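Have a look at the fold first, then read on.

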Amino acid sequence: MGLKNIKASLKGSMAFETNLDGHTIITDASEEIGGNDLGPRPKALLLVALIGCTGIDVTSILKKMRVEFEDLSIEVEAEDTDEIPSVYNRIHMIYTFKGKNLPMASLEKAVSLSQEKYCSVGVMLKKVAPITYEIRVEE
C-alpha cells in the first residue's frame, strides 16, 4: 500500500498541467464554459484510464497463456446522467481482437480476469456505475 501524490499547476484560464511519471498531461474545459480546449476533459480521462488498465491486463494475461493475436482495440460507451454533477451511470466496453483461429475461451478468461480481479480502475468505477462488456473477433 502506498501513497500517490500528484500535483497540477494552472496554465491559462482553466487548464491544468500535470507531470505524471515524466509525462505531461494537460486537462482543460471546453471553450463554451470558459476554457481554451488545451486538453481533454478530466472525466473522459477516467475512461482512457479504464481502457489502459484493462488493456494492459488482457494483453499480459494472453501473453502468459501464449495466445497470439494481431491486434486489440477497446472501445468504451459511457452514458452521462443529466443532473449536476453529471456522472457516468452506465459503462459498456467492447474488446475487438484481430487474428486467426483465436481461442474464444482464452479471450473470455483474460477479459473476465481483468474485469473481475485485476483492473483497479474498473473496480473503482464499478462502485459508481455498472460496467458491462462484450468480445468481438475479426479475422
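Which order do the strands of the open sheet with antiparallel pairing take? That sheet has three strands in the order 1-2-3.

## Ground rules

This is a predicted model, where local features need pLDDT of at least 70, side-chain atom pairs count only at pLDDT 80 or more, and totals for chains, interfaces and linings use all residues. Residues are numbered from 1 along each chain as its sequence is written, and side-chain values use heavy atoms, with hydrogens and water left out.

## The antiparallel sheet

Strands here are DSSP E runs of at least two residues, and helices are H or I runs of at least four, numbered from the N terminus. Two strands count as paired if DSSP finds at least two bridges between them.

At the edges sit strand 1 (8–10) and strand 3 (23–27), each pairing on one side only. The twist averages 25 degrees from one strand to the next (angles run from 0 to 180 degrees between N-to-C directions, with axes fitted to C-alpha atoms, for helices over the stretch in contact). Strand 2 (residues 16–20) runs antiparallel to strand 3, joined by five bridges; Glu17 has Ile26 of strand 3 as its bridge partner.

## The mixed sheet and its helices

The other open sheet, also three strands, goes 4-5-6 with mixed pairing. Strand 5 (residues 88–98) pairs with strand 6 in the parallel sense over eight bridges, with Phe97 opposite Val137 in strand 6.

Helix 1 (residues 42–64) packs on this sheet and touches strand 4, strand 5 and strand 6 (contact means heavy atoms within 4.5 Å). The direction of helix 1 makes about 40 degrees with that of strand 5. Helix 2 (residues 104–118) lies across strand 5 and strand 6, at about 155 degrees to strand 6.
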